[in-house]
Every structure is written in structure tokens, then in C-alpha cells.
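Please read it alongside the sequence and the structure shown here.

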Amino acid sequence: LKEMLLHDANLDLDRLMGMDALESNNYLSELKGFSVENIELLAETISKIGHESDSTTYLKKALQLYEICNLRDRTFSIERENNITKLKTTLQNRKEE
């Protein structure tokens with residue numbers, strides 16, 4: 001996946017994972033063709049990886065990416081909001097464990 005993103009989308013996943021929300025937003029703005037839809041697909045993919053690998057880091061990044069989508073897109077998306085709610089719930093449950 002990392003190699004595919006780097007080769008096909010010129011996106012360095014390791015670099016992105018180390019960035020805060022503002023840095024992530026700026027980085028994605030620099031990448032040609034990274035629309036809200038593409039960021040949302042990336043968030044979905046990272047979320048799946050986070051759930052499969054039980055990685056809080058990936059889940060937090062997915063949440064961050066969905067929130068970036070909300071900042072960039074004026075259209076309300078119930079699907080996106082549902083994904084955000086699920087991620088927040090999962091992360092909150094992990095804190096309580």
C-alpha cells in the first residue's frame with residue numbers, strides 16, 4: 001500500500017502519519033489530484049488498516065482526514081459523519097480500557 005501510494009499518488013504515508021492536522025491538510029493540498037473524495041477514500045483505507053491492525057495511530061489519522069474533508073467540503077455527508085462517530089467511539093472506548 002505504501003509503495004502504491006508513493007508511486008501512483010506521490011503520497012508518502014509514513015510522512016503523512018507523522019503530521020498533525022494542519023500539516024496534513026497542507027501536505028494534501030500540495031498533491032495534485034487529491035480531492036475531498038480522494039482524501040475520504042484514504043481515510044477509509046487508513047481506518048480499515050487501523051481496525052485490522054488494532055492501531056490507535058491509524059484510527060486517529062483516519063479521523064483527522066475525515067475532519068479535513070469536513071473543512072474542505074461544504075456538502076454535508078451522513079456517511080462521513082457516521083464514520084467520524086464510529087472512529088470517535090472506538091477511540092473513546094480504547095481510552096477507557
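What covers the buried residues of helix 6? In this predicted model, the cover includes helix 4 (36-53) and helix 5 (56-72).

Helix 6 runs over residues 78-96, and its 19 residues reach 27 Å from the first C-alpha to the last, which is close to the 27 Å expected at 1.5 Å a residue. Its buried residues are Arg80, Asn83, Ile84, Leu87 and Leu91. Because they cover an arc of only 100° around the axis, these residues lie on the same side of helix 6. An α-helix has 3.6 residues a turn, so residues three or four places apart point the same way.

On the face turned away from that buried side, helix 6 carries the exposed residues Ile78, Glu79, Lys86 and Glu96.

## The largest nonpolar core

The largest nonpolar core holds 26 residues, of which Leu11, Leu13, Leu16, Leu28, Leu42 and Leu65 touch the most other members. At least two residues of this core come from each of helix 2 (13-17), helix 3 (21-30), helix 4, helix 5 and helix 6, and helix 5 gives the most, with 8 residues. In soluble globular proteins, nonpolar side chains tend to be buried together.

## Serine 47

Serine 47 has its place in helix 4, and it counts as buried because its relative accessibility is 11%, where the cut-off is under 20%. When its neighbours within four places in sequence are left aside, serine 47 is in contact with Leu59, Ala62 and Leu87; Leu87 is also one of the buried residues of helix 6.

Key. Residues are numbered from 1 along each chain as its sequence is written. This is a predicted model: local features need pLDDT of at least 70, side-chain atom pairs count only at pLDDT 80 or more; totals for chains, interfaces and linings use all residues. Side-chain values use heavy atoms; hydrogens and water are left out. Helices (H or I, at least four residues) and strands (E, at least two) are DSSP runs, numbered from the N terminus. The expected span of a helix is 1.5 Å times one less than its number of residues. Buried means under 20% relative accessible area, exposed over 50%, partly exposed in between (1.4 Å probe, protein chains only). The arc is that of the directions from the helix axis to the C-beta atoms. Contact means heavy atoms within 4.5 Å. A nonpolar core is a set of buried Ala, Val, Leu, Ile, Met, Phe, Trp, Tyr and Cys residues joined through side-chain atoms within 4.5 Å.
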